[in-house]
Amino acid sequence: MKNEFDVIIVGGGLVGLSLAASLGKDDFSVAVLEARQPVIDWPAGSVDLRVYAITRESQKLFELTAAWSAMLPKAGPFRDMHVWDAGGNGDIHFSSADLGEPYLGHILEARVIEKALLDVLDELPCVQHFCPASVTAFNELEDRQQVELEDGRMLSAGLLVGADGKHSRVRDHAGIHARVSDYGQQALVAVVTTERSHEETAWQRFLPTGPLAFLPLADGRSSIVWSASSERAEQLLKLDATDFCAELGLAFDRRLGTITACGERVLFPLQRQYAEHYVAARIALVGDASHVIHPLAGQGVNLGLKDVRELADTLRDARGRNRDIGSLSVLRRYERARKGDNMAMMLAMDGFKYLFGSPVAPLRWARNLGLNLVDGAQPLKNQIMRSAMGL
Ligand SMILES: Cc1cc2nc3c(=O)[nH]c(=O)nc-3n(C[C@H](O)[C@H](O)[C@H](O)COP(=O)(O)OP(=O)(O)OC[C@H]3O[C@@H](n4cnc5c(N)ncnc54)[C@H](O)[C@@H]3O)c2cc1C
């Protein structure tokens, strides 16, 4: 087994694995280290609680890494998106048909994406997947970064990438400060069955206590993300299944009829977090290690995948020009390209959360008017759809 690489990636979540596949395709030698055993098979009919809305832009990255064809049979396309406000008559409807496109994006289980990416890595001789493997120490050598694994193995590379999520140890090692604030909300996640078909539509209702989303799964069920104050979320978790289905149906305005069944319910505390820098000498951060946003528009992984694309382009370009891929001047191009985009999305999510969470009458009036005005302005709606899809 090798112990020297071009790039070491700490964290083999969806973002770390995508980066490994992207760099591996370009013949970079890569070590990707993941502490958790991946789920590679599961009982038929079960659904992962971690379900993601994947944009067309993210799909393009999966196509480039040859992982998409294995995901597609298990992906649920969504062709429409319907958003409305419980505090008024504001209502907006986006349809892929208006753009002459077959769909807006796909809903995919995290484990399906993970397995497809792992299968791609298996075929790439220049990528080694160390799993389960936890980093116990980081050392800075003269022109390399070195990591020590639990079993005593030492690996080194010209570039260390932190794809290790919101509690990133790579970020701490780089001395990069992250600003963290609590949204004061938790997201309740579950898979539910509805009386009527989800119509291949992603639904979102803004309640005064937080947004409630129904994402259409390929098997006809829906994955829900119900963000609410921590107190309310805890109450919802404790309800028995019948009472929970009744509360959910009411909160969702019974748009898909009654809720006939509900699986396991899990809460995720919601925090906003951003790293003050994305890079340091021989270190780069991607995905949740550098930014964590509110899940109301389902953009977290999608932003991480945009980081992947930009970092891979930056490294490929630097190598083509015989430059050191770990040098700060090379890595700053990546930081410049991604920081503004991620920050803009974070601020937009915070703005939506504030605007739709406010009971103040003028704000309620303005947001409902805004939704209806945009709904009636087709060219503007098309522009919003194109940008959300990454077209
Ligand atoms: C309720 C909810 C719903 C969401 N819905 C969506 C959605 O619809 N669409 C979307 O795009 N995003 C969504 N998100 C956001 C999304 O979950 C995250 O943005 C995404 O998981 C980040 O991926 P990542 O690979 O950067 O980090 P993570 O998924 O956190 O992966 C980090 C990996 O690093 C590993 N690791 C950590 N430390 C070490 C170490 N020292 N050694 C080895 N391995 C280590 C961990 O085991 C983990 O596997 C949602 C989030 C929430 C909370």
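Tyrosine 334 is buried in this predicted model, with a relative accessible area of 0%. Tyrosine 278 counts as buried too, at 3% relative accessibility.

**Aromatic pairs**

- The structure holds seven aromatic pairs.
- In one of them, phenylalanine 5 and phenylalanine 130 have ring centres 6.3 Å apart and ring planes at 85°. That angle is over 60 degrees, so the pair is edge-to-face.
- Phenylalanine 5 belongs to strand E1 (residues 4-10), while phenylalanine 130 belongs to strand E8 (residues 127-130), so their pairing ties together parts that are 125 residues apart in sequence.
- Phenylalanine 5 has a relative accessible area of 3% and is buried; phenylalanine 130, with 4%, is buried as well.
- Now back to the tyrosines: the ring centres of tyrosine 278 and tyrosine 334 are 6.3 Å apart, and their planes meet at 45°, so this pair is tilted.
- Tyrosine 278 sits in the loop between strand E17 (266-275) and strand E18 (279-280), and tyrosine 334 is in helix H9 (residues 328-357), so the pair links parts 56 residues apart in sequence.
- Which residues form one aromatic cluster? They are Trp84, Trp203, Phe214 and Phe252.

**Charges over rings**

- Arginine 56 lies over the face of tyrosine 103, and the distance to the ring centre is 4.8 Å.

**The second largest pocket**

- This pocket has a volume of about 220 Å³.
- It is lined by 13 residues, and the closest to its centre are Ser46, Val47, Lys74, Glu109 and Ala218.
- Two elements, strand E7 (105-109) and helix H4 (110-122), each give two or more residues to the lining. The largest share, three residues, comes from E7.
- What classes of residue make up the lining of the second largest pocket? Seven are nonpolar, two are polar and four are charged.

**Isoleucine 384**

- You can find isoleucine 384 in helix H11 (residues 378-389).
- Is isoleucine 384 buried, exposed or partly exposed? Its relative accessible area is 36%. Buried means under 20% and exposed means over 50%, so isoleucine 384 is partly exposed.
- Leaving aside residues up to four places away in sequence, isoleucine 384 touches Phe94 and Val374.
- Phenylalanine 94 is 290 residues away from isoleucine 384 along the chain, yet their C-alpha atoms are separated by 9.1 Å.

Definitions and conventions
Residues numbered from 1 in each chain as written. Predicted model: local features only at pLDDT ≥ 70, side-chain atom pairs only at ≥ 80, totals over all residues. Heavy atoms only, no water. Helix = DSSP H or I, 4+ residues; strand = E, 2+ residues; numbered from the N terminus. Buried < 20%, exposed > 50% of the residue type's maximum accessible area, 1.4 Å probe, protein only. Contact = heavy atoms within 4.5 Å. 1 Å grid on protein atoms, 1.4 Å probe; cavity = no way out; pocket = protein on both sides within 12 Å on 5 of 7 lines; lining within 4 Å. Points joined across faces, edges and corners; volume = space filled by probe spheres on them. Nonpolar A, V, L, I, M, F, W, Y, C, P; charged D, E, K, R; others polar. Phe/Tyr/Trp six-rings, centres within 6.5 Å; stacked < 30°, edge-to-face > 60°. Lys NZ or Arg CZ within 6 Å of the ring centre and 35° of its normal.
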